[in-house]
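Subject: Structure handover

Hello,

Here is the structure for your set-up work. My notes follow it.

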Amino acid sequence: MEKSEFKIKKTVVALVLNDITEMDTDVIVNAANSSLLGGGGVDGSIHQKGGSNILDECKEIRSSRFPTGLPTGQAVLTSAGNLKSKYVIHTVGPIWKGGFHHESEFLEKAYLSSLNLAFSKGISSISFPSISTGTYEFPTKEASIVALRAIKNFVAKQELISKVFMVLFSKKTYEIYLETAKEIFK
Ligand code: ADP
């Protein structure tokens, strides 16, 4: 399996080529949509492998806290059902609309909301997919810059989260993130 590690203060940030549903970190992050009721890509795999408890919790969060849907950039936490992780954090990345609709700000917010929520739960390891770069069509290079900068800035200010994985699903995506990581973490 492809893997590259970078150290930021006391935290290891690792890029891996893998399926995020195979990760045994305390948290895995879902690139959800605002309905919180499931979708394709990462979302579909998490619900399929994790089982119906995750969807039941999402429905409860929808009806009690977000009747009109989870806003872009925000994050919520559920248990992880049959998955190896303890929790799933569901966040909504922006849909790419050409780059002039604050897409980068919303993408940064999705990463930071997830990290803040994980931190508040006292977890020490977390796995992210490449949020927004599938169905939501955010260009991968730009997304990798936003993602790795957000992670770098966050982890440098804390010591609780000791391991952050970016889990990339194709060799091409992995290579784009690796090229960006070499710049940002140098
Ligand atoms: P979004 O709607 O936010 O774009 P997608 O799930 O469509 O989310 O895609 C986000 C990224 O996750 C894409 O690069 C896609 O190839 C990748 N991906 C899809 N399934 C998985 C998986 N099981 N594990 C890790 N990454 C995945």
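**Pockets**

Lining the second largest pocket are S34, T72, V92, G93, P94, I95, K97, H101, E103, F106 and Y136. A pocket here is an open set of points on a 1 Å grid over the protein atoms alone, where a 1.4 Å probe fits, with protein on both sides within 12 Å along at least five of seven lines; lining residues have an atom within 4 Å of a point. The model is predicted, with local features needing pLDDT of at least 70 and side-chain atom pairs pLDDT 80 or more, while totals for chains, interfaces and linings use all residues. Residues are numbered from 1 along each chain as its sequence is written, and side-chain values use heavy atoms, without hydrogens and water.

The second largest pocket has a volume of about 160 Å³, and the largest pocket about 580 Å³ (space filled by probe spheres set on the points, which are joined across faces, edges and corners). Of the 28 residues lining the largest pocket, A31, G41, V42, S130 and G134 are closest to its centre. Helix α1 (41-50) gives the most to this lining, four residues (helices are DSSP runs of H or I, at least four residues; strands are runs of E, at least two; both are numbered from the N terminus).

**Sheet**

Seven strands form an open, mixed sheet in the order β1-β2-β7-β6-β3-β5-β4 (strands pair if DSSP finds at least two bridges between them). β1 (3-8) and β4 (75-79) are at the edges with a single partner strand each, so one side of each has no neighbour in the sheet. Strands β3 (27-32) and β6 (125-128) run parallel, joined by two bridges; I28 has S127 as its bridge partner in β6.

Regards
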